Amino acid sequence: MKKNRLKLRGKFLVYVILLISLFMGGTLFVVERNDKKVILSEGKKRGLSNALYLAALSTSHLLVYDYTKLEQNVDEVAKEPDIVYAMILDKNGSIIAHSNREDLIGKALSDPVSTRAWNSPAQLIQEYHYPDLDADIWDIAYPIHQGGVRWGMVRIGFSRRNLIVEIERNRQDLIVLSLVVLVFAVLAAVLLAERISGRVRKLSVGALSISKGDLSQKIDIRTGDEIEELSDTFNRMTGELAKNRDQQKQLIDQLSNKNVLLQREIAAREKLEAEIIKIERLRDLGEMSSGVAHDFNNILGAILGRAQLLLEKTKNQHTKKSLEIIEKAALDGAETVRRIQEFTRVRADSRLFIEVDVNELVNDVIEFTRTRWKNEALARGIQISIVKEFGEVPVMMGDPSGLREVFTNLIINSVDAMPEGGTITVRTFGEGDRAIITVSDEGLGMSDDIQQRIFEPFFTTKGKSGNGLGLSMCYGIVSRHQGEINVSSVPGKGTTFTVSLPTTLTGDVKEKAQKEKTELFSAKVLVIDDDEQMRAVLCDILQNSKCQVEQAGSGTEGLSLFSKGSFDIVLSDLGMEGVTGWEVAQKVKETSPETTVALITGWGTQLDDEEVRRRGVDFVVSKPFRIKEVQQLVSWAMALKHT
């Protein structure tokens, strides 16, 4: 009997040690492999994140060829300990910025790794042996695209040396931990073998029942020794497992609810990040468009002024017709520039916000556009109808003209999106302190890519029939009302534009005395403008209006002339080198407060009324201007002087 007992104990020990060894070995293998995968994967993510960061940081500077900023960007990224090198390539594949190899600037690399990276249409991660470090690294390439055009590429070298060291260190720790666990497991097995007796089967049967989920199972062993204590402990454990199972179920339910909340938060963050990226991109485009608009205003001002002067002088009808065509073209160009300035959203609109009945305004827009969505559609053999679902919307403060332009554009876009006809649904309702207006159609719809770019200026899906400024202008108008405009579309199933406007805005009360009729006064005028053509046009207009005119090509020259003479009015450009229009106004008012100061500038629509008054400017005329605007300015200035 004693022999059998020793044999059973020996078998138990052998089996337990073998099983523990296999388990620990398998666990060590799996944990070490997964640890290696995780470390390498996180390393790649870090490297790719640095490449994406460098690309995002450098895209705008690459577009304007700001090589100094690009060098600063690669130096900043190269501060990361695991970054071996960072470089930026231009659209021809030549290096224009490198973190540690200035000798490569201007060169195109032709090694296999560089060739594969440059030929890859998307991001590419290559592993290769870097001879300078005598170590394996990842070369991470990320192309830079803008407007569907590839402008260059970002490449960084990410060292694997620290990752390999970390993997080896973790492997050693796992081995030591496994040996310690194995020793303790063997000792535990020896102790258990001493306690196990012929009641093992009964315990095994009870444990088997519990493992199948029968937590009501009770093991009744009365031996008066450790086995009895084990059975009692087993029974208590079973009771605790039953309680834990209930608690676990509750925790799983709670975790499920928290996962739902977490997913919502992640979705909200992703939406916010996408919105921030869109705002940054639109802001950059807006700043560029604003500068272009200013330059075009100067050019159009000279064209329009000369055309109008010639129209007043010529008697030839054929010449008049040609000049009228030039005048109309210049005015059309000015309207396009105005739309660009609407998009920039930096314009401080001087028009007053007044009370607006949203339902009445939207209904007026529907009636204004009836010719487009009904009459023209019927003429083309299709039928388009508009369904109005107006709810209660509080009266709000806003710019009725701008808002009408927004909803007119949305309805016309819906009409254009339904070449086979259909129904447009316009809904209004209040939601908290906001007015919500939706315009839905049953048209062609848009893909996700188009939806991402729909508010960008000059982006259009209408071909030559559209200029791409309508929706970008809507975006600017809604933004100035501190509102939001969003689009939701499914290809083939239609599109919905949603405009959300706050109903808590307030308007300013401002009044300006204006005369409907322009009276010509003989005034002495000083014209200051660094644009020779624009200066000449202004002088001709004023001289034809019975004014005495002196002119200056810079702010410094203008102030010198002003100090030597007496002038009723000073007309100055705003953006001039050296002394600006603001400084001219300040100096003139300090010397002669009664002298009228007016700015004639391509930035006119973007100047804030409060700043204009604070700077000592009495009037602002936006380029391009009509002759009557200049004449009216002189008339107002002289009328105020004689009152």
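This is a predicted model: local features need pLDDT of at least 70, side-chain atom pairs count only at pLDDT 80 or more; totals for chains, interfaces and linings use all residues.
Student: What makes E1 and E2 a pair?
Tutor: Two strands pair if DSSP finds at least two bridges between them. Strand E1 (residues 83-90) and E2 share three bridges, in the antiparallel sense, so they pair. Residues are numbered from 1 along each chain as its sequence is written, and side-chain values use heavy atoms, without hydrogens and water.

Student: What makes a run a strand or a helix?
Tutor: Both are DSSP runs, numbered from the N terminus: strands (E) need at least two residues, helices (H or I) at least four. The protein chain comes to 17 helices and 17 strands.

Student: Why are E2 and E3 called edge strands?
Tutor: The open sheet of five strands has the order E2-E1-E5-E4-E3, with antiparallel pairing. Strand E2 (95-98) and strand E3 (124-130) each pair on one side only.

Student: How do you know the angle between H2 and E2?
Tutor: Axes are lines fitted to C-alpha atoms, for helices over the stretch in contact (heavy atoms within 4.5 Å). Angles run from 0 to 180 degrees between N-to-C directions. Helix H2 (residues 67-77) lies across E1 and E2, at about 45° to E2.

Student: What makes a residue count as buried?
Tutor: Buried means under 20% relative accessible area, with a 1.4 Å probe and protein chains only. Of the 643 residues of the protein chain, 41% count as buried.

Note on methods
Buried means under 20% relative accessible area, exposed over 50%, partly exposed in between (1.4 Å probe, protein chains only).
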